[in-house]
Amino acid sequence: MNADAAVIVFARAPLPGRAKTRLVPKLGAWGAARLQARLTERAVQTAIAARCGPVELHGTPRAAHPFFRQLQNNFGIAVQGQSGGDLGERMHHALRAALRSHRYALLIGVDAPELRASDLRRALRLLRSGCDVVIAPAEDGGYALIGCRRARRPVFERVGWGGNEVYGQTVERLVRLRLRWRALRMVWDVDRPTDVERLGQRRQFLTSGAS
């Protein structure tokens, strides 16, 4: 395993009524929470399978949730809480902290089961080749992965998190800051009832580590 990079997985605890709330009308509170747990475990497996570097799970609202501790025990990964205000501040804090001890840092969420270990490996290759930032756009206008060799705060500020302009706003900041960046292939995430139906047709995304 390479020691010059860290892989961060950002995850929300699978709490009924607080996880995947937009899917509660379709799945119920407990069903949405179970899906959150499955997606989180899948993301951790993908991060480990990429073999890009040590994997850290950054959980919210608290790192001590039993589900996170279970993943720590099952997979031997580091677990810690998220620090900061909005999502952008928390991601920037996590990336900046990782870059204090690694040359590169990759951060992924858990909502994009189509994201594969090979995507993480490609992101790391691009960073090693000189890119400052690598990003994987999502079909809904967000992004599923961001990798950095330099974590610039303005990239994460004043972004409409949760909206359909997140990727576009982020690219605008990368261009304005004159950072060298590349985009990976576009992926889809699981956030709406139609996404659950789509996921049901692609069960392999939740059962394999995806090379």
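Q: How many salt bridges does a search of the whole structure find?
A: Side chains of opposite charge can pair when their charged atoms come close. In this predicted model, a search of the whole structure finds ten salt bridges.

Q: Which side chain meets D111 in a salt bridge?
A: The partner of D111 is K20, and the N to O distance is 2.6 Å. D111 belongs to the loop between β4 (104-108) and α4 (117-128), and K20 to the loop between β1 (5-12) and α1 (24-50), so the pair ties together parts that are 91 residues apart in sequence.

Q: Is K20 buried or exposed?
A: Buried means under 20% relative accessible area. K20 counts as buried because its relative accessibility is 8%. D111, at 29% relative accessibility, counts as partly exposed.

Q: Which residue forms a salt bridge with R150?
A: The side chain of R150 meets that of D132, at 3.8 Å from N to O. This pair links distant parts of the chain, 18 residues apart: R150 sits in the loop between β6 (143-148) and α5 (166-176), and D132 in the loop between α4 and β5 (133-137). R150 has a relative accessibility of 37% and so counts as partly exposed, whereas D132, at 2%, counts as buried.

Q: Where do E139 and R198 lie?
A: The side chains of E139 and R198 meet in a salt bridge of 2.9 Å, N to O. E139 lies in the loop between β5 and β6, and R198 in helix α6 (residues 193-200), so the pair ties together parts that are 59 residues apart in sequence. E139 is partly exposed, with a relative accessible area of 46%. R198 is partly exposed as well, with a relative accessible area of 25%. Elsewhere, salt bridges that share partners join E114, D119 and R185 into one network.

Q: How many bridges join strand β2 to strand β3?
A: In a regular strand the side chains alternate between the two faces of the sheet. Strands β2 (residues 55-60) and β3 (residues 78-81) run parallel and are joined by four bridges. Within this pairing, E56 stands opposite A78 in β3. From β2 the chain crosses through helix α2 (residues 66-75) to β3, and this β-α-β crossover is right-handed.

Q: Which residues line the largest cavity?
A: Rolling a probe the size of a water molecule over the atoms shows where empty space is left. The count here comes to one cavity of 30 Å³ or more, and the largest cavity has a volume of about 60 Å³. Its lining consists of L39, R42, A43, T46, I108, G109, V110, A112, P113 and L115. Helix α1 gives the most to this lining, with four residues. By type, the lining of the largest cavity divides into seven nonpolar, two polar and one charged.

Q: What is the volume of the largest pocket, and which residues lie nearest its centre?
A: The volume of the largest pocket is about 1000 Å³. This pocket is lined by 36 residues, of which R22, L87, D111, G162 and D191 lie nearest its centre. The elements that give two or more residues to the lining are β1, α3 (87-98), β4 and β6. The largest share, four residues, comes from β6. The residues of the pocket lining divide into 17 nonpolar, nine polar and ten charged.

Conventions. Residues are numbered from 1 along each chain as its sequence is written. This is a predicted model: local features need pLDDT of at least 70, side-chain atom pairs count only at pLDDT 80 or more; totals for chains, interfaces and linings use all residues. Side-chain values use heavy atoms; hydrogens and water are left out. A salt bridge is a side-chain nitrogen of Lys or Arg within 4 Å of a carboxyl oxygen of Asp or Glu. Buried means under 20% relative accessible area, exposed over 50%, partly exposed in between (1.4 Å probe, protein chains only). On a 1 Å grid over the protein atoms alone, a cavity is a set of points where a 1.4 Å probe fits but cannot get out, and a pocket is an open set with protein on both sides within 12 Å along at least five of seven lines; lining residues have an atom within 4 Å of a point. Grid points are joined across faces, edges and corners, and a volume is the space filled by probe spheres set on the points. Ala, Val, Leu, Ile, Met, Phe, Trp, Tyr, Cys and Pro count as nonpolar, Asp, Glu, Lys and Arg as charged, and the others, Gly among them, as polar. Two strands pair if DSSP finds at least two bridges between them. A crossover is right-handed if, with the strands pointing away from the viewer, the path from the first strand over the helix to the second runs clockwise.
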